[in-house]
Amino acid sequence: MDILKAYLIFDRSAKGYIEEADLAKMLTNDYDDGGATQLLLTEERWKELDVDESGRVDFQEFVYAFSQWCSLEDDDTLKKLTWLKY
């Protein structure tokens with residue numbers, strides 16, 4: 001259920017998709033961090049989200065991208081832990 005809540009934070013108008021410009025605007029408007037949030041929305045990161053390259057990210061793409069990112073993070077953590085054993 002948490003992933004749904006996260007998605008709805010970005011799809012505020014409940015259009016059923018998120019556009020890159022909307023996401024960038026939301027990040028810069030909601031967080032006054034001197035531009036650090038712009039580092040989060042790189043072109044590479046957007047491409048990972050927009051799997052079908054439609055210019056929009058629907059819920060299915062959002063879930064897929066986050067599952068991939070979490071999997072990569074888990075793999076990195078596992079590698080670090082494995083290294084510490086030796």
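A: Start with burial: buried means under 20% relative accessible area, exposed over 50%, and partly exposed in between, using a 1.4 Å probe and protein chains only. Y7 is buried at 5%, while F59 is partly exposed at 31%. The model is predicted, so local features need pLDDT of at least 70 and side-chain atom pairs count only at pLDDT 80 or more, whereas totals for chains, interfaces and linings use all residues. Residues are numbered from 1 along each chain as its sequence is written, and side-chain values use heavy atoms, leaving out hydrogens and water.

Q: What describes a pair of aromatic rings?

A: The distance of the centres and the angle of the planes. Rings of Phe, Tyr and Trp (its six-membered ring) pair if their centres lie within 6.5 Å; planes under 30 degrees apart are stacked, over 60 edge-to-face, the rest tilted. The whole structure has five aromatic pairs. One of them, Y7 and F59, is edge-to-face, at 5.2 Å centre to centre and 80 degrees between the planes.

Q: Which rings have their centres 4.7 Å apart?

A: Those of F66 and W69; their planes are at 65 degrees, so the pair is edge-to-face. F66 is partly exposed, at 28%, and W69 counts as buried, at 17%.

Q: Which residues do ring pairs link into a cluster?

A: Y7, F10, F59, F62, F66 and W69.

Q: Where does the charged end of R45 sit?

A: A charge sits over a ring if NZ of Lys or CZ of Arg is within 6 Å of the ring centre and within 35 degrees of the ring normal. The charged end of R45 is over the ring of W69, 4.3 Å from its centre.
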